[in-house]
Amino acid sequence: MIKALIIEDEPHNRNNLRALLEKYCAQVEVVGLAADAFEAREMIGRLQPKLVFLDVQLPGKDGFEMLQELGTYDFEVIFVTAFSEYGIRAIRFSAIDYLMKPLDIPELVAAVARAAERIAQKQENHNLRNLLFNLQNTQNRNDHRIAISSLKEMRMVAVQDIVRCQSENSYTFFYLSNGEKILSTTPIADYEELLAGYGFIRCHQSHLVNRKYVRSLLRSDGLALQMEDNSTVPVSRQKKDWVKTELLRN
């Protein structure tokens with residue numbers, strides 16, 4: 001059994017989630033219900049849950065602030081929220097599960113199954129630590145790290161170290177500044193959305209590049225980008241004018 005704690009300020013939502021877990025997630029045992037961050041901290045310390053369902057918007061102190069104060073994370077978190085798009089993007093950036101209200105039962109079951117798998121594999125929740133680090137450093141986005149799901153592990157990679165991404169069917173290859181190559185099981189379209197605002201350009205259906213590593217524009221055979229790692233990346237005919245504009249932007 002996975003000991004779980006529900007942190008939610010609305011009594012109806014707390015009870016509804018507990019009822020859904022009892023009915024559809026037999027591996028979960030709800031050991032506590034908390035209505036605010038103060039109760040949550042006390043219960044996490046006393047009950048030692050392995051899974052926490054957390055509403056970000058709590059009275060007095062939000063869920064992110066409460067997590068920052070804990071310091072150690074030997075539990076998995078599933079956010080249950082009606083949070084803003086920015087907050088959802090930050091959560092996805094660190095590959096943490098979230099459920100939107102009203103709850104969808106198949107999504108709840110799938111999120112619990114993924115959490116159960118992670119609980120069986122490790123003690124420290126590095127994804128959650130990465131999320132909190134990124135949220136603390138909103139002014140210096142160059143220090144942000146993105147969670148890359150590979151076939152064998154979840155890698156935390158500094159955004160500034162990503163030279164380019166290349167699509168391979170539903171997979172994505174990451175090429176890093178140190179010469180390393182990582183194969184991700186996530187499609188490139190998802191990374192295009194997550195890396196929006198970090199200086200990445202989708203120059204081709206199969207290519208996403210970090211503009212800081214673009215060395216030059218090549219015109220010999222259509223338009224292409226010469227990268228700092230000496231790779232050449234094609235630019236689609238439909239995007240050539242837009243790519244030029246993006247590269248000239250400050």
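Is Cys 165 buried or exposed in this predicted model? Cys 165 is buried, with a relative accessible area of 0%. Buried here means under 20% relative accessible area, exposed over 50%, and partly exposed in between (1.4 Å probe, protein chains only). Cys 25 is buried as well, at 1%. Disulfides were counted as pairs of cysteine sulfur atoms within 2.5 Å. The count is zero. Cys 165 is in no disulfide; the nearest cysteine sulfur belongs to Cys 203 and is 11 Å away.

The model is predicted, so local features need pLDDT of at least 70 and side-chain atom pairs count only at pLDDT 80 or more, while totals for chains, interfaces and linings use all residues. Residues are numbered from 1 along each chain as its sequence is written, and side-chain values use heavy atoms, with hydrogens and water left out.

Helices (H or I, at least four residues) and strands (E, at least two) are DSSP runs, numbered from the N terminus. Helix H5 covers residues 105-121. Its expected span is 1.5 Å times one less than its number of residues. The buried residues of H5 are Leu 108, Ala 111, Val 112, Ala 115 and Arg 118. Seen down the axis, they fall within an arc of 125 degrees, so they line one face of the helix. The arc is taken from the directions from the helix axis to the C-beta atoms. An α-helix has 3.6 residues a turn, so residues three or four places apart point the same way. Pro 106, Ala 120 and Gln 121 are exposed on the other side of H5. The buried residues pack against helix H1 (11-24) and strands S2 (28-34), S3 (51-54), S4 and S5 (98-100). Contact means heavy atoms within 4.5 Å.

Polar contacts were also examined. These are pairs of N or O atoms within 3.5 Å; within protein, one must be able to donate a hydrogen and the other to accept it, and residues adjacent in sequence count only if both atoms are side-chain atoms. At the start of H5, a side-chain oxygen of Asp 104 comes to within 3.0 Å of the backbone nitrogen of Glu 107. Thr 172 lies in strand S9 (residues 171-176). Thr 172 is buried, at 0% relative accessibility. Its side chain has a polar atom 2.7 Å from the backbone oxygen of Thr 186. The side chain of Thr 172 also reaches the backbone nitrogen of Ile 188, at 3.0 Å. Tyr 73 sits in the loop between helix H3 (63-70) and strand S4 (76-81). Tyr 73 is buried, at 3%. Its side chain reaches the backbone oxygen of Leu 67 at 2.6 Å.

The structure holds 13 salt bridges. Each is a side-chain nitrogen of Lys or Arg within 4 Å of a carboxyl oxygen of Asp or Glu. Asp 55 pairs with Lys 101, with the closest N and O atoms 3.0 Å apart. This pair links distant parts of the chain, 46 residues apart. Asp 55 is buried, at 3%, whereas Lys 101 is partly exposed, at 29%. Arg 164 and Asp 229 form another salt bridge, at 3.8 Å. Arg 164 is in strand S8 (residues 162-168), and Asp 229 is in the loop between strands S14 (224-227) and S15 (232-234). Arg 164 is buried, at 9%; Asp 229 is partly exposed, at 33%. Salt bridges that share partners join Glu 76, Asp 97, Arg 114 and Arg 118 into one network.
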